[in-house]
Amino acid sequence: MGDTRDLHTQLAQRGENMAYKKVRAGHGGSLRSRDLESEELQAATLELEWDMEKELEEPGLDRFQLECVERQPAGSSVGGGGGGGGGGGGGVDLDLEPIQPSTSPHGRFQRLQEDAGYGPRFSRAALKARRRADGWSWVVKYVVAGAGLFVLGLLIGRYTHGVGTQAPAAPSDGDVLERVLSDIRTEDLQALQRNFSSWSDKSELLRVSLLQQKWRELGLRDVQLSNYTVLLSHPGPAPSHILDKLTNQCFLPNGEGCDQTSPDPAEDPLPSFATYSAVGSLEAEVVDVQYGSMEELTQANTSVNLTNRIAIMKLGQAPLQYKLSLLEEMGFGGVLLYVDPCDVPSEQGIWHKAFGVTLNPGGDPSTPGYASIKGSYREDRPHLTSLLVQPISAGLAKEILSATTMGQGHPCTPLAMPPGSAKRIITLSIGTQASYGTIHNVVGYLRGRINPDRYVLVGGRHGSWHSGPSEDWSSSAAIMTQVISSLMSQTRLGWQPDRTVVFASWGGSALGSIGSFEWGEENRVVLETSAVAYISLYSPVRVGRSACSTASPSLFQLASDIHKRHVRSCMKSMCCPGPNISSLQTPGDLNFFANQLAVPTVQFTSTTSRTPQTSFLSEAFFAPVASAEKALDPSFKLHEAVAKMTAEAVLRLCTDPVLPFSPLDIALDVQNKLKDDPLQTTELLAAAAILRDNSTFLQSETMRPANDPKERDPAHVRMLNDMLQGLERSFLIPAPPAGLYRNLLYGLSTQSSRFSILKDAQEVKRYRPVNQTLSLVSTAITSAQRLIQSGLELFESDPDDGSH
């Protein structure tokens with residue numbers, strides 16, 4: 001406390017001195033004329049200058065001086081104890097007129113004179129020093145003020161600049177779309193395809209490493225490789241062959257004779273076999289079953305016992321696995337598969353050649369239904385059917401059928417065994433093998449900004465059935481990489497998608513979509529809640545001059561809008577995509593996402609022709625002809641069209657605030673499937689009508705307002721999107737017949753819009769009772785209707801009225 005009192009005493013004394021100095025400095029004009037006459041005063045003046053300079057050098061003194069002056073009462077009397085009476089009371093204003101010392105005998109000047117250390121020590125030098133101090137003070141003030149204005153200008157400039165750059169934020173999505181589409185050019189796609197084609201002789205591991213490096217170079221930073229050890233099927237050491245017992249001729253699958261010059265099947269770059277087929281030899285009569293429908297099988301069974309016979313069957317009109325399951329139930333022991341020349345355009349020239357097929361419904365056969373990861377239990381399943389299955393060329397089929405014509409004339413004459421033909425007995429020998437190997441996936445992530453936990457999946461492939469120069473995966477990889485390049489160029493300008501985009505290149509695609517199935521099974525829990533849509537680039541460009549979209553009903557409208565946009569944009573081109581949109585089961589990597597998860601899917605591709613063709617012919621893997629590929633799209637306009645349509649679908653799905661799904665299209669599709677079905681019931685039609693009414697109301701009264709930025713509530717939009725995202729899952733059924741999708745919304749043929757399981761229940765009558773099948777359809781429709789109803793109830797109340 002003593003130290004504190006001493007400090008207060010010193011400050012008080014210093015305050016008195018400084019109060020005097022400040023007043024005298026501002027008002028000493030008349031006093032100086034008298035004081036300067038004394039020589040003694042000059043000496044005192046030097047002392048004062050020295051004291052003032054020391055005091056001015058003390059930090060914080062200016063502020064303290066001002067406080068002391070302001071707090072000094074205007075008319076205080078001074079006594080020995082510092083008390084006194086005195087005049088009125090305001091603080092000193094330094095801008096008042098000069099105060100004369102004679103104003104009050106007890107004024108502040110007299111108090112200063114009574115101070116023991118007081119002396120009339122003002123001088124001209126003191127005034128100069130004070131002026132210098134005041135000058136520096138103003139300089140500092142000007143500097144501080146100028147700096148403040150400068151900083152304020154920077155802030156204003158930054159704000160106005162930010163506002164200027166954010167001004168076009170509203171049309172930014174449209175601007176991004178236009179820039180992305182303009183970045184997709186034919187010359188870039190050609191260069192990418194040439195680059196990828198040069199990788200055909202490299203191992204899959206090296207190929208995916210190069211692809212990973214390429215994507216990272218484009219700016220996609222999070223690119224990962226995933227590897228799975230799976231059971232792979234391949235040709236055996238001896239080629240499969242067919243021996244005609246009548247002529248004793250031996251044929252290879254392509255129709256050529258068996259001789260020593262045939263290549264080793266294990267080294268044949270164009271193998272013709274069925275993966276995971278049963279192995280062995282079977283000598284039996286050949287039975288022509290055409291496309292293998294139940295009607296055709298029943299007709300064949302009336303004339304011959306089908307047990308342990310060998311069927312000769314055309315591909316198409318239904319999934320191969322579905323038809324093989326019917327053959328097994330009818331008792332067949334083997335089957336020869338071929339493509340009828342009348343089912344494919346004549347300009348292809350590939351139907352005279354053998355081909356390959358896969359009997360794998362999807363994924364690693366040794367780990368059915370779960371991921372093939374370390375520690376997984378593995379089943380011994382090298383053969384997925386009891387049938388001996390062998391694809392053959394149309395020329396060999398003509399020979400075995402004893403047909404007189406082969407796709408000749410107008411109209412085309414389909415291949416068939418003539419009535420009354422003699423029995424044809426052959427020996428079929430199959431020698432496929434299975435062994436474990438590793439397949440690789442490349443998966444890259446472009447993180448979303450608002451909803452990073454919602455994924456828009458884009459899938460392609462980096463492998464083919466055929467190896468070497470005949471590989472046809474380069475179109476898929478080129479389009480995928482070009483889309484990545486165009487999107488990443490926008491991220492460098494500051495754009496970011498609202499939802500995460502996942503780019504994936506799958507391995508093992510031709511052997512049963514193994515890569516996509518294994519990755520999907522490993523991440524099933526996340527994908528069931530987070531996968532928004534799947535966009536497939538499995539086979540984007542095929543022989544033909546039109547592009548056909550395969551879309552689930554949720555994405556009918558989106559696919560149609562995109563088609564219309566790009567049909568208009570290429571009216572001057574000879575290679576415009578066609579407007580065909582269907583919801584058919586499609587072989588390829590979208591199988592897992594559409595069939596197992598019921599994720600809405602879309603696939604843009606070019607087809608063989610503009611005319612309708614037999615479905616499911618794409619299950620046959622023919623070796624592409626280099627000359628035909630060049631003639632197919634010499635200007636790369638088809639590649640460009642498919643790439644632009646794919647890029648637009650990606651952008652819409654990852655940036656639209658409300659997902660571009662159409663519940664009404666689902667309801668209309670359900671009604672269309674039931675309209676002409678002979679198994680329809682009043683209850684089913686009534687449920688479908690309710691689904692349509694609720695879907696119409698939801699789409700008009702909830703989805704449209706949610707797209708309005710003024711009415712959009714982020715929490716409600718999130719809940720609405722979750723409801724839309726899960727709508728197709730209502731149509732998943734358990735354990736469908738072999739080869740048919742679990743997702744009821746996918747059909748088998750454009751000629752028949754029926755639910756596939758209702759068609760099977762009526763025609764086959766062997767899997768489950770018709771009434772049970774009708775119950776599955778009814779449950780699916782009711783579930784979808786209730787989901788939509790819950791969405792309507794969720795949004796029917798004003799969130800601000802407190803009613804809930």
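Me: Leaving aside neighbours within four places in sequence, which residues is Phe 503 in contact with?
Reply: This is a predicted model, so the contacts are those of the model. Phe 503 has its place in strand E13, and that strand, residues 499-506, has the highest mean pLDDT among the elements of the protein, 98. Its contacts beyond four places in sequence are Trp 215, Leu 220, Val 442, Val 443, Gly 444, Leu 446, Val 458, Met 480, Val 483, Ile 484 and Leu 487.

Me: Is Phe 503 buried or exposed?
Reply: A residue counts as buried when its relative accessible area is under 20%. Because the relative accessibility of Phe 503 is 0%, Phe 503 counts as buried.

Me: How far apart in space are Phe 503 and Val 442, C-alpha to C-alpha?
Reply: Val 442 is one of the residues in contact with Phe 503, although the two stand 61 residues apart in sequence. Across the protein, 81% of the contacts between residues at least 6 apart in sequence join residues at least 24 apart. For Phe 503 and Val 442, the C-alpha to C-alpha distance is 8.1 Å.

Me: How many residues does the largest nonpolar core have?
Reply: In soluble globular proteins, nonpolar side chains tend to be buried together. Here the residues with the most contacts inside the largest nonpolar core are Trp 215, Phe 503, Val 670, Leu 720, Phe 731 and Ile 781, and Leu 720, for example, touches Val 658, Leu 698, Thr 702, Met 703, Ala 706 and Phe 795 when residues up to four places away in sequence are not counted. Another core, of 35 residues, lies apart from it and has Ala 274, Leu 320, Leu 324 and Leu 327 among its members. The largest nonpolar core has 90 residues.

Me: Which element gives the most to the lining of the second largest pocket?
Reply: This pocket holds about 980 Å³ of space and is lined by 49 residues, with Gln 321, Asn 360, Pro 361, Gly 362 and Asn 591 nearest its centre. The lining divides into 21 nonpolar, 20 polar and 8 charged residues. Helix H11 (320-330), strand E8 (357-358), helix H14 (514-522) and helix H17 (591-596) each supply at least two of its residues. With 5 residues, the element that gives the most is H11.

Me: What is the relative accessible area of Val 339?
Reply: Val 339 is found in the loop between E7 and E8. Beyond four places in sequence, Val 339 is in contact with Leu 315, Val 344, Phe 355, Ala 394, Leu 617, Ala 620 and Phe 622. Val 339 counts as buried because its relative accessible area is 3%.

Me: How many contacts beyond four places in sequence does the model have for residues 161-171?
Reply: The mean pLDDT of the protein is 78, and 69% of its residues reach 70 or more. Over residues 571-575 pLDDT stays under 50, yet the model has 6 such contacts for them. Over residues 161-171 pLDDT also stays under 50, and the number of contacts is 0.

Key
Residues are numbered from 1 along each chain as its sequence is written. This is a predicted model: local features need pLDDT of at least 70, side-chain atom pairs count only at pLDDT 80 or more; totals for chains, interfaces and linings use all residues. Side-chain values use heavy atoms; hydrogens and water are left out. On a 1 Å grid over the protein atoms alone, a cavity is a set of points where a 1.4 Å probe fits but cannot get out, and a pocket is an open set with protein on both sides within 12 Å along at least five of seven lines; lining residues have an atom within 4 Å of a point. Grid points are joined across faces, edges and corners, and a volume is the space filled by probe spheres set on the points. Helices (H or I, at least four residues) and strands (E, at least two) are DSSP runs, numbered from the N terminus. Ala, Val, Leu, Ile, Met, Phe, Trp, Tyr, Cys and Pro count as nonpolar, Asp, Glu, Lys and Arg as charged, and the others, Gly among them, as polar. A nonpolar core is a set of buried Ala, Val, Leu, Ile, Met, Phe, Trp, Tyr and Cys residues joined through side-chain atoms within 4.5 Å. Buried means under 20% relative accessible area, exposed over 50%, partly exposed in between (1.4 Å probe, protein chains only). Contact means heavy atoms within 4.5 Å. pLDDT is the predictor's confidence in each residue, from 0 to 100.
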